[in-house]
Amino acid sequence: MSVEIGGLKLKNPVMTASGTFGYGEEYADYVDLNQLGAIVVKGLSLKPRLGNPPPRIMETAGGMLNAVGLQNVGVDVFIKEKLPFLRQYDVAVIANIYGESTLEYSQVAKKLSQAEGVHALEVNVSCPNVKKGGLSFGSDPKAAAEVTRRVKAETHLPVIVKLTPNVTDIAAIAQSVEEAGADAVSLINTLTGMAIDLKTRTPHLKNITGGLSGPAIKPVALRMVWQVAQRVAIPVIGIGGIMTVEDALEFMIAGAKAVQIGTANFINPHATIEIIDGIRHYLQNNKIKNINDIVGTLRT
Amino acid sequence: MAKDIYIGEVAANEEIQIDYFLMKVTLPSDFTEPLPGQFVMIRIAGLHDPFLSRPISIYSYTRGKSNCAIELLYRVVGKGTQILAGLIKGSQVEISGPLGGSYSIDHQKKNIVFIAGGIGIAPLSLLAEALCRKASYSAAAMTFYLGAQTADAVVGLNRLRKLCYNLTVCTDDGSLGQKALVTKAFQKDIKKYSPSDTVIYACGPKAMVQSLSKILDGKYLCQVSLEERMACGVGACVGCVVAVKDGQGKPAYKRVCADGPVFDLQQIIWE
């Protein structure tokens with residue numbers, strides 16, 4: 001069941017997606033964190049961020065919109081107050097990082113690299129809900145590569161770059177960050193969307209637009225993972241509307257070496273564990289010894 | 001790993017007033033006894049439309065020999081509650097909870113005042129019951145102000161009468177009780193309650209809570225339970241926030257699900 005992402009060995013290919021699992025403690029009553037492949041924590045910035053004003057979420061057909069705006073405690077409080085909790089567990093911790101500038105990305109990366117108990121960094125160049133940084137880095141191959149280089153220069157940890165689907169050619173961005181030294185890419189972040197209240201003719205979200213997640217985006221995510229996996233040699237981590245073991249396996253067959261479970265956690269806190277168990281059963285039933293043997297085995 | 005997701009069975013689901021439903025759900029006996037103000041996330045087992053679970057405040061809790069039961073009082077406002085309203089006896093629901101924090105009852109105040117708007121009566125009924133039982137407040141020491149738009153929207157009155165003798169009912173149109181806003185009815189009596197001897201518990205629509213905030217002007221200890229759209233219910237998604245003053249008086253967004261749903265009224269920042 002174990003997989004390797006940029007030198008980081010995971011006991012299984014199932015991680016939590018950033019922003020859907022808090023700092024781990026929120027779900028510790030529901031999930032034995034030791035069983036997870038990795039925990040990707042909520043995006044961290046240099047200073048604490050207030051986030052966007054509410055309403056921040058809206059249910060949609062087969063999913064939800066969110067415009068949280070990267071509310072977080074900041075990297076220092078994370079290291080001091082949240083990381084010790086996670087160190088109690090035998091689980092890989094991946095810190096998702098965000099910056100308004102390349103300098104901020106590199107500063108956050110440096111601090112986390114010096115902290116005990118962080119095993120990899122996931123660089124968020126794809127948040128659609130913040131004014132500065134985020135998506136603006138992720139939608140330009142050159143800017144995405146620059147952020148990647150700056151982060152790589154500050155850390156010995158594996159660097160995963162999380163990509164946005166809100167671009168014309170996601171594989172071009174993936175190639176660009178690979179050339180810049182990224183150890184893996186994860187995709188997709190949310191798709192930008194909106195919803196309107198008919199009674200008031202106002203947007204349901206205060207931010208007007210938000211990021212769409214949930215099973216509604218799975219086919220789009222799967223297509224992008226497939227496209228990217230053909231164009232890069234580094235590991236691809238599949239994200240986007242994975243609710244069941246079947247969904248996870250589809251991503252792996254399309255070329256994902258690992259997967260992240262996001263919005264599914266909200267409606268079924270046991271989703272990660274059920275998917276891990278499900279993969280184990282699938283491998284047993286199909287007499288597959290090594291999970292890596294199914295990665296990228298799509299027949300076309 | 002303490003918490004499970006429970007499969008509950010709908011024991012009753014009645015429309016007690018137009019659009020207002022009372023659902024009784026039987027749960028395994030290891031479902032933790034809820035504290036007043038806590039809520040559950042509920043969804044129909046196996047159904048993915050509506051996508052998200054719905055947060056509903058716990059109205060009552062009873063323990064049987066081999067199981068326990070909670071009651072949920074809810075109003076049909078959208079797709080999620082519409083589908084809940086259609087559930088028949090014997091249907092299965094997935095419940096996680098009890099979630100969130102509770103009203104605090106460990107204080108020694110002489111007067112207990114409840115102010116509820118509409119469906120806001122649900123957590124306050126559970127609280128009144130807990131106060132009678134645990135903090136041994138007599139029904140006479142508690143005063144309840146209950147407001148709604150019309151008589152049709154007044155729910156839970158009969159049960160409340162047994163818990164609380166001093167009960168003022170008001171409606172916007174005067175179809176039941178006084179013709180007044182519940183906050184105005186309370187304001188008329190405010191001199192009866194000195195700030196040092198009184199605790200106020202509130203739950204209701206935003207407009208009611210905001211108006212109460214103006215009336216109390218920071219002089220009274222007042223705890224209020226808030227409602228927001230939620231996705232996870234456990235503090236992970238940070239979707240259900242409310243603007244509050246933090247410890248240093250600076251603005252911060254707190255999660256209604258995990259940091260609330262009960263807040264000190266004075267902490268809340270109004271736009």
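Predicted model: local features only at pLDDT ≥ 70, side-chain atom pairs only at ≥ 80, totals over all residues.
A network of salt bridges links A:Glu26, B:Arg255 and B:Asp259. Side chains of opposite charge can pair when their charged atoms come close.

**Around B:Asp259**

Where does B:Asp259 sit? B:Asp259 lies in the loop between strand 14 and strand 15 (262–264) of chain B. Its relative accessibility is 32%, so B:Asp259 counts as partly exposed. The side chain of B:Asp259 also reaches a backbone atom. One of its polar atoms lies 2.8 Å from the backbone nitrogen of B:Arg255. B:Leu167 is another matter. B:Asp259 and B:Leu167 are 92 residues apart in sequence, and their C-alpha atoms are 31 Å apart in space.

**Where the chains meet**

The contact between the chains takes 31 residues from chain B and 38 residues from chain A. About 2800 Å² of area is buried between chain B and chain A. Carbon and sulfur atoms give 62% of that area. Charged pairs are there too: the count between chain B and chain A is two salt bridges. In one salt bridge, the side chains of B:Arg54 and A:Glu59 meet at 2.7 Å, N to O.

Which elements of chain B give two or more residues to the side that touches chain A? They are strand 6 and strand 14 (251–255) of chain B. Strand 14 gives the most, with four residues. By type, the residues on this side of chain B divide into 18 nonpolar, six polar and seven charged.

**Strand 3 of chain B**

Now turn to strand 3 (residues 39–44) of chain B. Is this strand largely enclosed or open? Six of its six residues are buried, so strand 3 is largely enclosed by the rest of the structure.

In a regular strand the side chains alternate between the two faces of the sheet. Strand 3 of chain B can be read that way. B:Phe39, B:Met41 and B:Arg43 point one way. B:Val40, B:Ile42 and B:Ile44 point the other way. All of these residues are buried.

Strand 3 of chain B has pairing partners. Strand 4 (residues 54–63) of chain B pairs with strand 3 in the antiparallel sense, over four bridges. Here B:Ile42 has B:Arg54 as its bridge partner. B:Arg54 is also in the salt bridge with A:Glu59. Strand 6 (residues 92–99) of chain B runs antiparallel to strand 3 and is joined to strand 3 by five bridges. In strand 6, the bridge partner of B:Phe39 is B:Leu99. Strand 6 also gives residues to the side of chain B that touches chain A.

**B:Thr168 in strand 9**

B:Thr168 is in strand 9 (residues 166–171) of chain B. Is B:Thr168 buried or exposed? The limit for buried is under 20% relative accessible area. B:Thr168 has 17% relative accessibility, so it counts as buried. Which residues does B:Thr168 touch, leaving aside its neighbours within four places in sequence? B:Thr168 is in contact with B:Phe144, B:Tyr145, B:Leu146, B:Gln178 and B:Ala185.

**Salt bridges within a chain**

Over all chains, the structure holds 19 salt bridges.

| Pair | N to O distance |
|---|---|
| A:Glu146 and A:Arg149 | 3.7 Å |
| A:Arg231 and A:Asp169 | 3.5 Å |
| B:Lys110 and B:Asp197 | 3.9 Å |

A:Glu146 and A:Arg149 are both in helix 4 (residues 141–154) of chain A. They are three residues apart, so about one helical turn separates them. A:Glu146 is partly exposed, with a relative accessible area of 30%. A:Arg149 is partly exposed at 45%.

The side chains of A:Arg231 and A:Asp169 meet in a salt bridge. This pair links distant parts of the chain, 62 residues apart. A:Arg231 is in helix 6 (residues 218–231) of chain A, while A:Asp169 is in the loop between strand 9 (159–162) and helix 5 (170–179) of chain A. A:Arg231 is partly exposed, with a relative accessible area of 38%. A:Asp169 counts as partly exposed at 35%.

The side chains of B:Lys110 and B:Asp197 also meet in a salt bridge. Again the pair links distant parts of the chain, here 87 residues apart. B:Lys110 is in the loop between strand 6 and strand 7 (111–117) of chain B. B:Asp197 is in the loop between helix 4 (182–189) and strand 11 (198–203) of chain B. B:Lys110 is exposed, with a relative accessible area of 57%. B:Asp197 counts as partly exposed at 29%.

Terms used. Residues numbered from 1 in each chain as written. Chains lettered and ligands numbered in written order. Heavy atoms only, no water. Buried < 20%, exposed > 50% of the residue type's maximum accessible area, 1.4 Å probe, protein only. Pairing = 2+ DSSP bridges. Contact = heavy atoms within 4.5 Å. Buried area = accessible area lost by both parts, 1.4 Å probe. Salt bridge = Lys/Arg side-chain N within 4 Å of Asp/Glu carboxyl O. Nonpolar A, V, L, I, M, F, W, Y, C, P; charged D, E, K, R; others polar. Polar contact = N/O pair within 3.5 Å; in protein donor to acceptor, adjacent residues only side chain to side chain.
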